[in-house]
Amino acid sequence: MKSEKSAKKLNLESTLQGLNLYEACIEFDCTTEDVIKLFEENPLLPGLIVMERNQLVGMISRRRFFEYISRRYSLELFAKRPLREIPASPFSESLYQFSHTQILVFPSYSSITAAVRESLKRSPELIYEPIIVQTAPGVYKLLDVHQLLMAQSELHEITMAAYKQMGIALQEAKNQLLAVLDAVPGFVSWIGSDLHYLGVNQHLAESFNLSPEEFIGQKVGCFDSSNQFTELIEDFFKSPAQTTCQEAIAQINGSARSYLIVAQKYNQNQAAVTVGIDITQRKILEEELRASLEREKELGKLKSRFISMTSHEFRTPLSTILSSAELLEHYSHNWTEEKKIVHYDRIQSSVNRMIRLLDDVLTIGKAETGSLYFKPSPVNLEQFCLELVGELQPTEGNPHPINFINHCQHTYYYLDDKLLRHILTNLLSNAIKYSQEGSEVKLEIFHKKGRITFKIEDKGIGIPEQDRQCLFESFHRAANVGNIPGTGLGLAIVKKCVELHSGEITVDSQLGVGTNFTVTLPVSSRLSAFARKSKLPQYAKHKH
């Protein structure tokens with residue numbers, strides 16, 4: 001009889017094969033004396049496996065065997081008898097019948113935990129009896145249940161140590177995950193299907209001046225006045241989709257921000273993790289890029305209009321200059337002085353027209369590049385307007401009389417005379433150009449509450465409704481101008497000059513009736529002091 005000892009240490013995967021097993025088999029024909037001898041030679045032997053012709057018959061428990069033998073006359077009665085002897089009468093019994101135990105057999109690959117579980121299911125008087133382990137077909141060995149329980153205790157300690165180590169590892173993994181999530185430049189949250197927060201990362205919590213713990217259990221949307229994120233998550237849980245990626249606007253500390261929300265369901269669709277990336281700057285850049293592209297398109301249109309306008313507007317005066325120059329070259333010796341002067345005037349008029357065109361182009365270019373500046377100075381407004389009217393209204397013929405009416409009390413006002421000249425010249429020129437010959441053009445000026453108002457009224461062709469929205473765009477001309485020459489720059493220049501004065505311009509027009517432009521410009525409060533200091537006249541009386 002001997003026991004097998006495993007050199008391996010126990011682990012959570014250990015089986016009965018790794019425990020000390022006893023080779024303790026006897027034949028069914030052995031006598032009681034043989035059994036006693038075996039037990040005496042092996043004091044740790046918990047029992048004996050009874051075999052007959054290599055077949056398992058049963059097991060004799062050491063405890064039960066000696067308990068029976070210790071009775072009076074039991075040893076003398078059974079010492080020479082074999083274990084399998086049949087009792088003499090139904091009221092007597094053999095030694096085996098008394099000392100054998102209900103056997104519990106496990107294959108050697110059984111886990112220690114499973115063997116303990118089954119062993120403890122036995123009746124209380126059998127719980128500590130040994131069990132049989134089958135290591136091969138027809139090969140059986142004995143296992144002391146106390147050793148089994150000690151092995152289970154050792155496994156329990158190993159399990160607890162593993163759980164402890166696992167807990168430490170899980171905590172470390174959790175800390176690492178939280179560190180990663182806190183480092184994410186976005187908002188991370190875990191949300192239950194009941195729309196309550198299960199957790200958030202530090203970045204999201206700090207955006208609301210809260211801790212992550214304060215978010216747990218709160219209703220989604222309780223910190224955000226915008227409902228877009230709440231509606232997005234609610235619709236996501238209602239849908240069969242496992243993931244989603246959408247844009248939403250959220251109110252963070254009173255500021256509206258745009259976010260790209262990516263969400264993934266987990267825990268059998270009972271929860272979802274969301275990641276919100278702030279794309280506000282990207283949206284701004286997209287809008288700027290879109291606006292830039294629109295400006296590029298507009299610049300392309302302006303370029304085409306400019307080329308078309310310059311080629312047309314320069315061709316006419318150049319042709320006039322060339323024609324008059326050729327006629328003067330070949331026929332001036334036969335012409336009178338009056339006829340020569342006519343052609344000289346034509347050349348001079350064409351040159352002036354080209355100069356005005358170039359001035360307009362340069363002016364609008366300066367305005368577009370920010371090189372046109374507002375430089376106010378004291379201006380005798382009545383004298384300024386009278387001179388301007390005189391330039392635009394020829395003394396002879398007078399096909400478009402300009403009626404100038406001054407309602408202002410003061411004479412001098414702080415204005416930029418160059419910008420004001422651009423404003424009034426273009427508006428009056430357009431009024432004359434687009435009015436029927438002989439119709440009156442009216443210019444009125446008012447001063448009220450620190451503002452100068454200019455009203456230019458004509459009885460011309462009017463401006464179509466569809467052209468009024470882009471009336472002040474460069475190179476734009478109304479659809480009803482026909483063959484009337486023009487560059488489409490005049491009103492654009494007027495608009496820029498009015499804006500540099502921090503003023504306003506409005507238009508009221510009816511087709512076939514006429515057009516009224518109203519320009520309102522603020523004037524400096526230093527005007528009165530300047531007038532007193534320089535002893536300039538405060539009032540001016542004049543005839544209209």
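**A helix, a sheet and a cavity**

Visitor: Which elements are included in what covers the buried residues of α5?

Guide: In this predicted model, the cover is judged by contact, meaning heavy atoms within 4.5 Å, and the elements are DSSP runs numbered from the N terminus, with helices (H or I) of at least four residues and strands (E) of at least two. On that basis, the cover of the buried residues of α5 includes β6 (105–107), β7 (131–136) and α6 (145–183).

Visitor: Where on helix α5 do the buried residues lie?

Guide: Helix α5 spans residues 112–119, and its buried residues (under 20% relative accessible area with a 1.4 Å probe, protein chains only) are I112, A115, V116 and S119. Viewed down the axis of α5, these residues fall within an arc of 100°, taken from the directions of the C-beta atoms, so they line one face of the helix.

Visitor: What limits apply to the features of this model?

Guide: Residues are numbered from 1 along each chain as its sequence is written, and side-chain values use heavy atoms, with hydrogens and water left out. As this is a predicted model, totals for chains, interfaces and linings use all residues, side-chain atom pairs count only at pLDDT 80 or more, and local features need pLDDT of at least 70.

Visitor: Which strands are the edge strands of the open sheet?

Guide: Five strands form this sheet in the order β10-β9-β13-β12-β11 with antiparallel pairing, where two strands pair if DSSP finds at least two bridges between them. Each edge strand pairs on one side only, and these strands are β10 (197–200) and β11 (243–252).

Visitor: Which element gives the largest share of the lining of the largest cavity?

Guide: The structure holds three cavities of 30 Å³ or more, a cavity being a set of points on a 1 Å grid where a 1.4 Å probe fits but cannot get out, lined by residues with an atom within 4 Å of a point. The largest cavity holds about 260 Å³ of space, and of its 20 lining residues F187, Y197, L204, F229 and A250 are the closest to its centre. Two or more lining residues come from each of β9, β11, β12 and β13, and the largest share, four residues, comes from β11.

Methods:
Buried means under 20% relative accessible area, exposed over 50%, partly exposed in between (1.4 Å probe, protein chains only). On a 1 Å grid over the protein atoms alone, a cavity is a set of points where a 1.4 Å probe fits but cannot get out, and a pocket is an open set with protein on both sides within 12 Å along at least five of seven lines; lining residues have an atom within 4 Å of a point. Grid points are joined across faces, edges and corners, and a volume is the space filled by probe spheres set on the points.
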